[in-house]
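Please open the model in your viewer and keep the selection panel at hand.

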Amino acid sequence: MTTMLDSLFKRIGYKPGQQVTFADLPEFLSLLALQFPFENGAVLRNERISMTKTELTEALLNNKRGGLCYDLNAFLYYVLTELGFSVHMVRGTVFNAKEQAWALTGTHVAVILREGDETYLLDTGFGINLPLAPVPFSGEPVPSKTGAYRIRETKTDKGDYLLEMDKGDGWQIGYAFSLTPIDEAVLTCVRDAIFDEKASPFNKNPLASKLIKDGKLILTKDHFTKQTGGGLTKEDVNAGDFQTIFVHSFFD
């Protein structure tokens, strides 16, 4: 067991020194989701860390921060590689259901895993829309506490496959992607597009979200929403309070 994995297992509360098997991945992905929020603080502060295993590990394990898809799923890729899984990263394009249009092309990152003769998609960086388990390319839906997810092979100008999700109102497109592997250089291009492009949804206002054991947290510049088994609360966020709420509420 490497130092990186030892530190991660301690952080997420996974069994020390125990190998993670394919059957363990739902539990492992759920523990990751409880620890690392989806958030854009680094973008707004213009903190561009290198997309290497060393720098992402330092940023996520040793600082109170999360990240966007290219941070969280690249970190997942490095972790799964350390654990001995056959994985590679891919890029995709998110579909904005509200606008009924594609978002900034090629700026979503996910992980592809091969297990035996099967191929799966893993994603810990799609906001709170997390399958929390490998999603098979067979098309079989995967249930999650955040909804249901499936892969559908459909050719679009954004990729050959769709991740679809059903949040209770029927199946809708999450994002399109292809299976072409990407490397750190492409990750850097994705990061820079999110930082710099006018069409980026993440370089204007602060945003953070995270799953918790019995619900979810969503923090914007205007509101802090907490949904649990006991109900939903929504509080106004005063100017200058975002970071304080983020640090105190999104980390143990």
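The stops below concern a predicted model.

**Stop 1: a helix pair.** Select helix H1 (residues 3-12) together with helix H5 (residues 69-82). Two packed helices are described by the angle between their axes and the distance between the axes. Here the axes come within 10 Å and cross at roughly 115 degrees, and the crossing is left-handed. Now display the side chains that form the contact: Met4, Leu5 and Leu8 on H1, and Phe75, Tyr78, Val79 and Glu82 on H5. Coloured by class, this contact of H1 with H5 shows six nonpolar residues, one charged residue and no polar residues.

**Stop 2: the largest nonpolar core.** In soluble globular proteins, nonpolar side chains tend to be buried together. The largest nonpolar core in this model has 47 residues. Select Leu8, Phe28, Tyr70 and Leu80, which have the most contacts inside this core. Which elements each supply at least two residues of the core? They are H1, helix H2 (25-35), helix H4 (53-62), H5, strand E2 (86-96), strand E4 (108-115), strand E5 (118-122) and H6. The largest share, 10 residues, comes from H5.

A second, separate core of 21 residues may be located by selecting Leu121, Ala133, Val142 and Met165, which are among its members.

**Stop 3: Tyr70.** Return to Tyr70 and display its surroundings. Neighbours within four places in sequence aside, Tyr70 is in contact with Val43, Met51, Val109, Leu187, Val190, Arg191, Ile194 and Phe195.

**Stop 4: Leu179.** Next, select Leu179 in the loop between strand E10 (171-177) and helix H6 (184-196). Is this residue buried or partly exposed? Leu179 is partly exposed, because its relative accessible area is 31%, and a residue counts as buried only under 20%. With neighbours within four places in sequence again set aside, the contacts of Leu179 are His88, Val90, Ile112, Phe137 and Tyr161. For a distance check, pick the C-alpha atoms of Leu179 and Gln100: they lie 24 Å apart in space, and the two residues are 79 apart in sequence.

**Stop 5: helix H7.** Finally, select helix H7 (residues 242-249) and highlight Phe242, Ile245 and Phe246, which are buried. These residues are on the same side of H7, because they cover an arc of only 100 degrees around the axis. An α-helix has 3.6 residues a turn, so residues three or four places apart point the same way.

How values were computed
Residues numbered from 1 in each chain as written. Predicted model: local features only at pLDDT ≥ 70, side-chain atom pairs only at ≥ 80, totals over all residues. Heavy atoms only, no water. Axes fitted to C-alpha atoms, helices over the stretch in contact; angles between N-to-C directions. Helix = DSSP H or I, 4+ residues; strand = E, 2+ residues; numbered from the N terminus. Left-handed = near helix turned anticlockwise from the far one by under 90°. Contact = heavy atoms within 4.5 Å. Nonpolar A, V, L, I, M, F, W, Y, C, P; charged D, E, K, R; others polar. Buried < 20%, exposed > 50% of the residue type's maximum accessible area, 1.4 Å probe, protein only. Arc of directions from axis to C-beta. Core = buried A, V, L, I, M, F, W, Y, C linked by side-chain atoms within 4.5 Å.
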